[in-house]
Amino acid sequence: MTRTPTVSVLLMAYNHIDFVDEALSSIEDQRPPFDVEVILNDDFSTDGTLQRIERYAETSRHTCRIPRSERNLGALPAVARGIRAATGDYIAFLDADDRWCDPDKLARQSELLARRPDLAVAFHNVAVIDSAGARTGRLWNDADQKIETTLDDLMYGCYAHTSSLMIRRSALTPLPSSYDTFLDPVTDWPLLVLAAHSGGLHYDAPTMSEYRFHDGGLYQGLERRRQVETSAAAYLALKPLVAERLRHRLDEERRVFLGTSAQEAAASGRRRDALRHQWNALLGAVTMLGPRRALHDIRQLLRIALSRR
C-alpha cells in the first residue's frame, strides 16, 4: 500500500536550463524524516530543461512525477496543475531558477504546521542572489517583518516569496478555477489570500532559500512601468476573493502603491511614468474612495506636471 507523502514539492520550470540543476540539487539535499513527492512541473520548455528534469527523476530518492504539457500553459495554469496533482499534507514551492539553502527547511516547516493547526502557511526569509548565484547582500523580508500575520495583512501586499512557502494542502483544496486566469504572472498573492481564509501565516527569520534576480524572471523581465501596472492590477483582481470589508482596503492600498510608484518614477527622471501612475491613482480615488482622497491625488499630479525635472 502506497503511503501518502507528508510534503509535495512543486517545482515550476520553464526554459530554466541554466539554473534547474541547482534547484534540483537543493531538493535532493533536503533530509526530512518522512516521505516526499516531487512534482516536476515543466511548462513545455524548449531549451533542454525537461530532459534535465527527466534525468533527475530517474535517480532521485524521492517519488517523482512529471506532468506533461503539449503547449506552454502560462504561469497560473501551470501552478494550478501542480497544486491539483499534489497529494501531500503540505505543498512546498520552488521556481527552477531559485534554490533552497537549508537542508532542514522541509522538516522545520512541516513540523511547525503539524504542531499549529491554526496556521495555513509557513514562510521564511530569502537571500537575493545574482544570475551567477552570488549573494547580493539583500534579503526579501525586512527586519520588522511580523511573525504572525493574517488575511488582513495580505491586503497591503504579498510579503512571502515563492521559494519560502509551505502551504497546508487542505487550505487550497479545491483550488477554484478562477485562479487559473487570475493575472499572469502574479501567482503567489492569490494563493496566499485563498489559503489565509483557512488559517494564519507564520514567518521564520532564518534564510532557508535563495531567490535569483535576473532578466529572465517572469516579473523581473518586465520593464519597471509594466511591473507597477501589473501589481496595481493585482489589487483589483483580488477583490472577488475577499469579503466586502476588505475590498475598500485593497482600493486604498492600490492608491498608496501607485502614488509611491509615481514619486519613485519622478525622482529617477521618468516623468511620463510618474504622471501615468499618479493619474491612475487619481482615477481610483475618484471612482472608489471619494473626493477627499481625489483632492490629494490632484495636488500630487499637479506637482509632478509642474516640476522641471
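The structure is a predicted model, in which local features need pLDDT of at least 70 and side-chain atom pairs count only at pLDDT 80 or more, whereas totals for chains, interfaces and linings use all residues. Residues are numbered from 1 along each chain as its sequence is written, and side-chain values use heavy atoms, with hydrogens and water left out.

A nonpolar core is a set of buried Ala, Val, Leu, Ile, Met, Phe, Trp, Tyr and Cys residues joined through side-chain atoms within 4.5 Å; buried denotes under 20% relative accessible area, exposed over 50%, and partly exposed in between (1.4 Å probe, protein chains only). The largest such core comprises 41 residues, and Ile83, Phe93 and Leu154 have the most contacts inside it. Elements that each supply at least two residues of this core include strand 1 (7–13), helix 3 (75–85), strand 4 (90–95) and helix 5 (188–196), where helices (H or I, at least four residues) and strands (E, at least two) are DSSP runs numbered from the N terminus. Helix 5 provides the largest share, 7 residues. Contact being defined as heavy atoms within 4.5 Å, Ile83 touches Leu10, Ile91, Phe93, Leu172, Leu175 and Leu191, not counting residues up to four places away in sequence. Another core, of 26 residues, lies apart from the largest one and has Val7, Leu11, Ile66 and Leu119 among its members.

Asp102 is located in the loop between strand 5 (99–100) and helix 4 (105–115). Its relative accessible area is 16%, and Asp102 is therefore buried. With neighbours within four places in sequence left aside, Asp102 contacts Gln30, Arg108 and Met208.

In total, 26 salt bridges are present, each being a side-chain nitrogen of Lys or Arg within 4 Å of a carboxyl oxygen of Asp or Glu. Arg116 is bridged to Asp118, with the closest N and O atoms 2.8 Å apart. Arg116 is partly exposed at 21% relative accessibility, and Asp118 is partly exposed at 42%. Lys146 and Asp153 likewise form a salt bridge (2.8 Å, N to O); Lys146 is partly exposed, with a relative accessible area of 45%, whereas Asp153 is buried, with 13%. Between Arg225 and Glu223 the closest N and O atoms of the salt bridge are 3.1 Å apart, and Glu223 is partly exposed at 47% relative accessibility. A network of salt bridges links Glu22, Arg99, Arg135, Glu210 and Arg212.
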